[in-house]
Structure formats: structure tokens, C-alpha cells
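Hi there,

Here's the structure I said I'd pass on. Have a look first, then read my notes below.

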Amino acid sequence: MDPARPVERTMTTLRRRAGVMSRRFRMARVIAHAMRSRHHPILAQVVPMRRCNLSCSYCNESDKTSEPVPLDRMLGRIDRLADLGTALLDLSGGEPLLHPDLDLIINRVRQRGMMAGLLTNGYLLSPERIRRLNRAGLDRLQISIDNVLPDDVSVKSLKVLDRKLEMLASLAHFDVNINTVVGNGIGQPGD
């Protein structure tokens with residue numbers, strides 16, 4: 001066993017704990033700011049990309065042809081939301097990981113003092129992509145999982161995304177939560 005491995009794991013653990021504490025502190029500031037004034041948005045969702053790499057039958061939020069919102073327009077929207085006092089900004093879609101300038105967008109959200117969130121189907125996550133999200137300053141990621149096994153309604157299944165969740169657990173310096181949609185067409189009620 002490589003003697004540097006335990007040190008590397010310890011350093012990663014310490015960095016994660018420091019990141020968690022920093023996010024908790026910033027979130028407390030956001031809540032305190034929200035309590036002081038009702039004259040600003042708390043949370044905004046921005047769609048940098050309507051196109052999606054999947055075709056879930058229940059979704060009406062995406063298409064297969066839209067181009068990414070140009071970077072200068074996205075940065076202008078972020079700046080305007082920051083000027084309004086927005087505290088939390090979530091990037092949604094379509095699939096925001098398809099936007100070629102996503103790292104710059106997340107970085108701008110953070111530069112402007114807002115907390116940066118990302119809503120994704122998770123398919124495009126890789127170790128390098130997670131590291132880039134870390135470097136950009138992402139605060140939280142919400143991944144959607146709709147079922148245990150892929151079906152005709154959605155392929156966003158635990159069976160397909162379990163490896164992505166393992167990568168997030170070992171590499172992400174941001175908070176991760178799982179969102180699920182429970183529909184009436186459950187083929188395996190025990191799931």
C-alpha cells in the first residue's frame with residue numbers, strides 16, 4: 001500500500017469538512033439576510049441549457065435542439081439576480097451539464113456572493129467533471145433518480161446512476177442530495 005494514500009485521504013476528509021463548515025456558515029448568513037428583509041429574491045432557478053441528453057416521457061422542460069444560452073447573457077442574468085439580492089441560484093434545464101461554459105457560470109454565481117446549486121440527471125458526471133465542479137465552487141448538486149431499474153418512462157434509475165453516486169461520494173466537495181419522482185406507473189411496488 002502506498003504510504004501517501006492515508007495522508008491523501010486525511011487531507012481530502014479535512015478539505016471536505018472545511019467546505020461543509022464554510023457552506024453551513026454561508027447558508028446561515030443567507031437565512032439571516034432573508035429574515036432581515038422581504039424585498040429580495042431568496043432563490044432563483046436559471047436555465048442555461050434547455051437541451052437534454054435524455055427523453056423522460058414525463059418531462060416538458062427540455063428539447064433536443066436548443067443551443068446553450070450565450071455566456072455573456074448568462075453572466076448578465078447572474079449579475080442582475082445578484083444586484084437584486086438573490087441568495088441562492090440553482091442552474092436547471094434541460095441538462096445544465098451540457099452547457100460548455102458551466103464552470104464559468106458557477107464561478108460567477110459564487111463571485112457575486114450567491115450560493116450555487118445544480119440540478120442534473122447525473123449521466124454526464126465523471127471524475128474529471130466532478131473535480132471541475134469542485135474548482136468552480138459549486139455548493140450543492142441535486143441528482144434526479146426516478147426508479148430502481150430503467151423503464152419506458154425514465155432511464156434515470158439507481159441501477160444506471162449508482163456508479164455516479166459512488167463517484168460523488170468520493171470526490172465531491174459540495175453537498176449532494178437525491179431527488180426522486182414517484183409516478184403512478186410503478187411496475188415493482190416493492191421498490
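Strand E3 (residues 115-120) pairs with strand E4 (residues 140-144) in the parallel sense, over four bridges. Strands, by the way, are DSSP runs of E with at least two residues, helices are runs of H or I with at least four, and both are numbered from the N terminus. Two strands pair if DSSP finds at least two bridges between them. One example here: Leu119 has Gln142 in E4 as its bridge partner.

Before you go further, this is a predicted model: local features need pLDDT of at least 70 and side-chain atom pairs pLDDT 80 or more, while totals for chains, interfaces and linings use all residues. Residues are numbered from 1 along each chain as its sequence is written, and side-chain values use heavy atoms, without hydrogens and water.

Now the whole sheet. It's open, with five strands in the order E1-E2-E3-E4-E5 and parallel pairing. E1 (43-49) and E5 (175-179) are the edge strands, each pairing on one side only. From one strand to the next, the twist averages 25°.

Helix H3 (residues 102-111) lies across E1, E2 and E3, at about 145° to E3. Angles run from 0 to 180 degrees between N-to-C directions, with axes fitted to C-alpha atoms (for helices, over the stretch in contact).

Which residues of H4 meet H5? Pro127, Ile130, Arg131 and Asn134 in H4 meet Met167, Leu168 and Leu171 in H5, where contact means heavy atoms within 4.5 Å.

Cheers!
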